[in-house]
Amino acid sequence: MAPVNNNNVQINNNENPPTKFKVTIIGSGNWGSVASKLIASNTLKLHSFHDEVKMWVFEEVLPSGEKLTDVINRTNENVKYLPGIKLGCNVVADPDLENAVRDANMLVFVTPHQFMEGICKRLVGKIRSDAQAISLIKGMEVKREGPCMISTLVSQQLGVNCCVLMGANIANEIAVEKFSEATVGYRENREIADKWVQLFSTPYFMVSPCQDVEGVELCGTLKNVVAIAAGFVDGLDMGNNTKAAIMRIGLREMKAFSKLLFSSVKDNTFFESCGVADLITTCLGGRNRKCAEAFAKNGGKRSFDELEAEMLQGQKLQGVSTAKEVYEVLKHKGWLEMFPLFTTVHEICTGRLPPSAIVEYSEHAPKFPLVGGPTAFP
């Protein structure tokens, strides 16, 4: 495990010229491409940043026979994951991970969470010692010793401070510049948080800092599980009242789970964009809800892998894998009966229960005093 330096990027120094920041985005899917558009528009305007923004692309060959990186660099557009949107003339796609991060001192991680451990292993010893990182990734790694948040994985593997950015952020809406909000979670260094806020903020994308990395990150992770439940409700035409109830119960379990894992998690975090706002938008219009709706309409007879391949054009479904990871934590700690919604979502996803069980579980009251809220927990 590498030692973490939380304050190693020079923000301001009266004796020397301020550090000029060079940004690399690690990931180029739908959200990664939108992030590159946001960032690239700001690096051209902000004198403290280099204009060029590198974007690492997992190389693919398109049906035309061209490589995706070549098309992005020729057209300034990610034709596979964000067609019709110009990323910015200063975005440079690079299929070589080590080359992409070379000289960068601000690293933006935005890949499917299941790939992050492998990416971090490849980057050990390859990044600048003064680098700072931020994760836009919604998910966690589950190990024998317990759950590991992606920001923690980055910090431990690479020895860098890692903030997080989460929020009510459906990528395609931000791509066409519809107003949205987001939350930057940070640990100690407010100056670094403010630098990330500056890098991402635009007139249509309002970003606020919050000193609660684990709370912000868990909100972004757990809401995908609740969105799966909301999709089941939609697929079975259970109506808006049922969906609202599922969302409320889901928020309650999100808060309880987060507080049990990390006592430092703050109640107010759940009222930021990363909390209730992200939960609402994901349960109304995200890819997890969409695929879960199709799963329920088919009576659970078509697998999520099949639906993902058919409906998401190469994007990854996060909610199902996160539900499995959360279930493993609950089972290991003996908490299954305390979190009936999270437990039921996983059991539906794996075929142990029918989609209709998403409301039937409520007949069995949780043994934990959830009504009192996490602050009432022993």
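How exposed is Arg190, by relative accessible area? I looked it up: Arg190 is partly exposed, at 43%. My note on the term: buried is under 20% relative accessible area, exposed is over 50%, and partly exposed is in between (1.4 Å probe, protein chains only).

Before going on, I noted that this is a predicted model, where local features need pLDDT of at least 70 and side-chain atom pairs count only at pLDDT 80 or more, while totals for chains, interfaces and linings use all residues. Residues are numbered from 1 along each chain as its sequence is written, and side-chain values use heavy atoms, with hydrogens and water left out.

I found Arg190 in helix H7, residues 190–200. Helices (H or I, at least four residues) and strands (E, at least two) are DSSP runs, numbered from the N terminus. Next I checked for salt bridges, meaning a side-chain nitrogen of Lys or Arg within 4 Å of a carboxyl oxygen of Asp or Glu. Arg190 has one with Asp194, with the closest N and O atoms 2.8 Å apart. Both residues sit in H7, four residues apart, which is about one turn of the helix. Asp194 is partly exposed too, at 36% relative accessibility. I also looked at Cys210, 20 residues along the chain from Arg190: their C-alpha atoms are 9.1 Å apart.

**Other salt bridges**

I got 21 salt bridges for the structure. One of them joins Asp278 and Lys138, at 3.5 Å between the closest N and O atoms. Asp278 is in helix H10 (273–285) and Lys138 is in the loop between strands E5 (132–135) and E6 (140–143), so this pair ties together parts 140 residues apart in sequence. Both Asp278 and Lys138 are buried. Asp267 and Lys259 also pair up, at 2.8 Å from N to O, and Asp267 is partly exposed at 26%.

**H8 against H11**

Last, I looked at helix H8 (213–235) and helix H11 (287–297), which pack at about 40 degrees with their axes 7 Å apart. That makes H8 oblique to H11; under 35 degrees is roughly parallel, over 145 roughly antiparallel, 65 to 115 roughly perpendicular, and the rest oblique. Axes are lines fitted to C-alpha atoms, for helices over the stretch in contact, and angles run from 0 to 180 degrees between N-to-C directions. Among the residues that meet are Phe232 and Asp234 in H8, and Arg289 and Phe295 in H11 (contact means heavy atoms within 4.5 Å). I also saw that Asp234, Lys243, Arg289, Glu293 and Lys297 are linked in a network of salt bridges.
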